[in-house]
Amino acid sequence: MSITSVTPRSPLLALALLAGSLGATGALASGNLLVNGNAEAGVGSDTGDVVTVPGWTTTAGNFTVNTYNPSFGGPDVDAPGPLDRGLNYFAGGPSVDVSSATQTVDLTPYQAYFSSNPFSFTL
């Protein structure tokens, strides 16, 4: 059993909520089910150039991770956003209208939980 994310935004929330609900019941340990779900693994670009994003497979465009750095047009660390942000954020990359990436999450360890606790969500 697995879920493949289509874009890095919606699945992050859905999987984070799923992980939190599983952990709350004690069925399995809680935590982010995504690898590098916060864009902090690896080095973010401080120039706006495309860099490899650990844990993600680019499927279209120039999916990348940038540092909070206004010198190339990105937001600075004081821009509105998450209070617990790190040094990087996911970005679409330069010179394209659409970028996307995927990541497959193996939910096999949760199969027994899903069988006895039906649920649904939309990615």
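Taking ring centres within 6.5 Å as a pair, how many aromatic pairs does the count come to?

Guide: The count comes to six aromatic pairs. A pair of aromatic rings is described by the distance of the centres and the angle of the planes. Trp56, Phe63 and Phe90 are linked by ring pairs into a cluster. Tyr68 brings in a charge: Arg85 lies over the face of the Tyr68 ring, 4.9 Å from its centre.

Before going further, a word on confidence. This is a predicted model. The mean pLDDT of the chain is 78, and 73% of the residues reach at least 70. Among the elements, strand β2 (residues 57–60) has the highest mean pLDDT, 96. Strand β1 (residues 2–4) has the lowest, 42. Residues 1–26 stay under 50 in pLDDT. The model still gives that stretch 63 contacts beyond four places in sequence. Where pLDDT is low, the predicted coordinates should not be read in detail.

The chain holds two helices and six strands. Along the sequence they follow the pattern β-α-β-β-β-β-β-α. The chain has 123 residues, of which 33% count as buried. Among contacts with a separation of 6 or more, 62% join residues 24 or more positions apart.

Asn88 lies in strand β4 (residues 88–91). Its relative accessible area is 7%; the cut-off for buried is under 20%, so Asn88 is buried. A polar atom of the Asn88 side chain lies 3.0 Å from the backbone oxygen of Ala39. Beyond four places in sequence, the contacts of Asn88 include Asn38, Ala39, Glu40, Gly42 and Gly44. Val65, Asn66, Thr67 and Tyr68 are on that list too.

Ala39 sits in the loop between α1 and β2. At 1% relative accessibility, Ala39 counts as buried. Its phi is positive, about 70°, although Ala39 is not a glycine. Most residues other than glycine have a negative phi, and most peptide bonds are trans. Asn36 belongs to the loop between α1 (10–25) and β2 as well. Its phi is near 55°, again a positive value in a residue other than glycine. Asn36 has a relative accessibility of 8%, so it counts as buried.

Tyr68 has a further reference point in Ala79. Ala79 is found in the loop between β3 and β4. Ala79 and Tyr68 are 11 residues apart in sequence. Their C-alpha atoms are 8.9 Å apart in space. Ala79 has a relative accessible area of 17%, which means it is buried.

Move to Asn62. Asn62 is placed in the loop between β2 and β3 (64–67). Its relative accessibility is 23%, so Asn62 counts as partly exposed. The Asn62 side chain reaches the backbone oxygen of Pro94 at 2.7 Å. Pro94 is one of the contacts of Asn62 beyond four places in sequence. Ala91, Gly92, Gly93, Val96 and Ser99 are others. Val50 is on that list as well. Asn62 and Val50 are 12 residues apart along the chain, and their C-alpha atoms are separated by 6.3 Å.

Ser100 is in strand β5 (residues 100–102). Its relative accessible area is 12%, so Ser100 is buried. The side chains of Ser100 and Thr59 are joined by a polar contact of 2.5 Å.

Asn88 meets the backbone oxygen of Ala39. Asn62 meets the backbone oxygen of Pro94. Ser100 pairs with Thr59, side chain to side chain.

Key. Residues are numbered from 1 along each chain as its sequence is written. This is a predicted model: local features need pLDDT of at least 70, side-chain atom pairs count only at pLDDT 80 or more; totals for chains, interfaces and linings use all residues. Side-chain values use heavy atoms; hydrogens and water are left out. Rings of Phe, Tyr and Trp (its six-membered ring) pair if their centres lie within 6.5 Å; planes under 30 degrees apart count as stacked, over 60 as edge-to-face and the rest as tilted. A charge sits over a ring if NZ of Lys or CZ of Arg is within 6 Å of the ring centre and within 35 degrees of the ring normal. Helices (H or I, at least four residues) and strands (E, at least two) are DSSP runs, numbered from the N terminus. Buried means under 20% relative accessible area, exposed over 50%, partly exposed in between (1.4 Å probe, protein chains only). A polar contact is a pair of N or O atoms within 3.5 Å; within protein, one must be able to donate a hydrogen and the other to accept it, and residues adjacent in sequence count only if both atoms are side-chain atoms. pLDDT is the predictor's confidence in each residue, from 0 to 100. Contact means heavy atoms within 4.5 Å.
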